[in-house]
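Please read it alongside the sequence and the structure displayed below.

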Amino acid sequence: MNTTATATALADTTTWRLPIRGMTCASCALRVEKALRNVPGVTAVSVNGATDEATVQAPGDIGAGTLAAAVRGAGYEVATHDVALAIDGMTCASCVARVEKALCRVPGVTAATVNLATERADVTALATVTAAMLQATVRKAGYAAETVVAGRAATQPEAAHTWWPVAAGALLTLPLAAPMLLGLFGIAWALDPWLQLVLASLVQFGLGARFYRAGWAALRAGSGNMDLLVALGTSAAYGLSAYLLAAHAGHGMPHLYFEAAAVVITLVLLGRALEGRAKQATLAALAALAALRPTTARVRRDGRDAEVAIDDVVPGDIVLVRPGERIAVDGVVVEGTSHVDESLVTGESLPRARGAGARVTGGSINGEGALVVETRAVGADSTLARIIALVESAQAAKAPIQRLVDRVSAVFVPVVLGMALVTLIGWLVAGAGVERAIINAVSVLVIACPCSLGLATPTAILVGTGIAARRGILIKDAAVLERAHAVTAVLFDKTGTITQGQPTLLGLHAAPGVAEAEVLRLAAAVQHASSHPLAAAVAARAASAGLAVPTVAGARALPGRGIEGRVDGRRLLLGSTRLLEESGLAVDDAWTRVAERYEADGRTLAWLMAPDEPALLGLLAFGDAPKPTARAAVARLHAMGVATSLVTGDSAASAHAAAAACGIAHVEAAMLPADKADAVARHRAAGAVVAMVGDGINDAPALAAADVGIAMSTGTDVAMHTAGITLMHGDPLLVADAIDIARRTYSKIRQNLAWAFVYNLLGLPLAAFGLLDPMVAGAAMALSSVSVVANALLLRRWKPAAATALESPVPDAQARSTVPA
């Protein structure tokens, strides 16, 4: 099958050959052909079901993205691949827009997203589009580009701007600014004007050369950026000073503005250096995750232990982990016991006991014991690699609110240039003189700051998603984060979400004259060899009580009813009410009342009997116990103003019991997967922004239907792939934490955008009316970008809710659980 895509241009028509995925018959080919013919402008379509290829003729202005969207709309996919590029030289939102525009124009590119904060471009393109083609396109637009290996960019962040130009600029600029500074203290001192020219020239054309190069590249690409504004503004101040010096050289010292140009360039360089350092800090969380990747592993092959590179480890290899070492692979413990600290990978705060049969995660730290681990996943398939890839994807994506910024950025530089021209003409018409007019126009050019607009959203997303990942909350993309901040209702699945997901012995009633410990001891003995979940629950309770469990003889299963065996010479039965009825033992009213009470709470019953005596010894009640933090999680959601409901496929009795234990007032039970999705739809129709929390395959439709799907990583892969947020350990408190970090991140985005817009809306008029000196304008511009990044970094102080949150009653649970009929 042809797996490449080509585009041939003839005059104004382009012929596309697109590899289609998912076609299985002639009807599929017809459906794809019809979808492509419906694209306005397409002149001819032919779909070959044998080669799974579509040939399309369309005008040159119809790109691959439009055709791919049409194919997706028909239910199929165009084969594409993803390329990540590190972009060097971007300085503002206008640069981002230009790089995106250039990449999207490459034939075969279906989507391109550029992030100023990470200085990265993520491109989706047809198979014939290579990384080299994309790099050449970026270079033609005036920037440098290198291919990024997933996860590596964050491990070794490099400063975008070094500090030596700042230091050099400060040394050269200080003598120029000294007369003004000394004048504040009544000290009259002046630097020779020709020496001023030399110092200013070194700053203007040496340290400031980068602005000319970047500005010229922008002009050649038919657009503008902040570098162009700085270059024009400082050149005007420098040029005016040079003209005045030449014109008045023999007639005393004129008033020069060399210091204004030099100070502006130095301040911009300082702002860039601070901004670069702050942007590195925004990547700290991702860098910390990447640093967890071990480089080697101790592998046992053919009876010999050897240290090998992690890239040479394959699934099935036996890996040895010493006490205190970092576990190199995802796998299953085959020998040894220890405690494993997974906090940096999953956010789980306490080390977990791990023994034979337990799963361990690569990047975790082994505790006091040696472990032998069978490798299950390495490299890109490992949990840590998938976490890093997911976080990188979220940080590269744009939030919907960024679209407004993109529209503003597209016209920002031309508008500022127009304002500067109007300012110049206006002051000249007003009779202020050429010097005053030029200086005020320079102030307009210098104070404009598209940088702050470009950094406002991505820096907040970088920090928010990074710190969330460190705490065990993986946010799929920026759009999910934007929706999550507005959540007003959370629908919980029961089993495995707010409950443990496995049966626990919750009640035990002994016959008169029989000790409860004796009932537990005999029950544990009779089903000692059973693998049934209820048997495991009894064994766990007996072990925690420190009981010595006797051996059982002649144990045999009674299908659908229970188990039979001899313990201490007594024939015992342990099983359901049906088995009790078959035994012929009499049950009085007291036993009936106990059983009915347990059944009303949704418990599963098991009767312990000695039929030969005959005697009814005891009753055991099993249920799915709520997770320790479930009630605290619900209480915290209510305190945040978020309503809660329980939607489950379990019986009404068990559902209501679990809901009451957690403080949830509204319950919908005995629901099929489609019913859960309908419940989500009803909430949304009533005006709620809904988050669905689940962990199973049956939760996938509801997770997809919700505004925000939240999956427990302890559940199925289907649930995690459907959800927009994945919680790396099964603590329900993380649901509230996820909404909280989304709210805080979105708040930072709004604060940053408000600052960026207000700064420019106020600063530009002040400069135009001559109320701002160019040096003050330059300082303000540098401060604007740094303040936006610094504000986003405040998110690093966020802490998730403590696992020991108070589990107090929730008196307003009924009021908080408002559900449409």
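A nonpolar core is taken here as a set of buried Ala, Val, Leu, Ile, Met, Phe, Trp, Tyr and Cys residues joined through side-chain atoms within 4.5 Å; buried means under 20% relative accessible area. The model is predicted. The chain has 821 residues, of which 52% are buried, and contains 28 helices and 31 strands.

**Overall architecture**

- Of the contacts between residues at least 6 apart in sequence, 70% link residues at least 24 apart.

**Nonpolar cores**

- The largest nonpolar core comprises 53 residues, and the members that touch the most other members are Leu176, Phe211, Phe258, Val416, Val444 and Ile447.
- At least two residues of this core come from each of the helices α5 (164-183), α6 (193-207), α8 (226-247), α9 (258-282), α13 (402-429), α14 (434-447), α26 (733-768) and α27 (774-793).
- The greatest contribution to this core is that of α9, which supplies ten residues.
- Beyond residues up to four places away in sequence, Leu176 touches Leu191, Gln196, Leu199, Ala200, Phe258, Glu259 and Ala262.
- As general background, nonpolar side chains in soluble globular proteins tend to be buried together.

**The loop between α8 and α9**

- Leu256 is located in the loop that connects α8 and α9.
- Leu256 counts as buried because its relative accessibility is 6%, and the cut-off for burial is under 20%.
- Setting aside neighbours within four places in sequence, the contacts of Leu256 are Pro193, Gln196, Ser241, Leu244 and Leu245.
- The C-alpha atoms of Leu256 and Tyr243 are 9.4 Å apart, and these two residues are separated by 13 residues in sequence.

**Nonpolar surface patch**

- Val758, Leu762, Leu766, Phe769 and Leu771 form a nonpolar surface patch of about 520 Å².
- Val758 belongs to helix α26.
- The relative accessible area of Val758 is 42%, so this residue is classed as partly exposed.

**Cysteines**

- How many disulfides does a search of the whole structure find? The search returns zero.
- Cys95 is buried, with 0% relative accessibility.
- Cys662 is likewise buried, at a relative accessible area of 0%.

**Backbone geometry**

- The peptide bond between Glu613 and Pro614 is cis, with omega of about -25°.
- Pro614 sits in the loop between β25 (604-610) and β26 (615-623).
- Asp302 adopts a positive phi of about 55°, although Asp302 is not a glycine.
- The loop between β10 (296-301) and β11 (304-309) holds Asp302, and this residue is exposed at 81% relative accessible area.
- Asp568, also not a glycine, has a positive phi of about 55°.
- Asp568 lies in the loop between β23 (562-567) and β24 (570-575).

How values were computed. Residues numbered from 1 in each chain as written. Predicted model: local features only at pLDDT ≥ 70, side-chain atom pairs only at ≥ 80, totals over all residues. Heavy atoms only, no water. Buried < 20%, exposed > 50% of the residue type's maximum accessible area, 1.4 Å probe, protein only. Helix = DSSP H or I, 4+ residues; strand = E, 2+ residues; numbered from the N terminus. Contact = heavy atoms within 4.5 Å. Patch = residues over 30% accessible without salt bridge, like charges linked within 9 Å, V, L, I, M, F, W, Y side chains within 5 Å. Areas by Shrake-Rupley, 256 points an atom, 1.4 Å probe, with all protein chains shown as cover. Salt bridge = Lys/Arg side-chain N within 4 Å of Asp/Glu carboxyl O. Disulfide = S-S within 2.5 Å.
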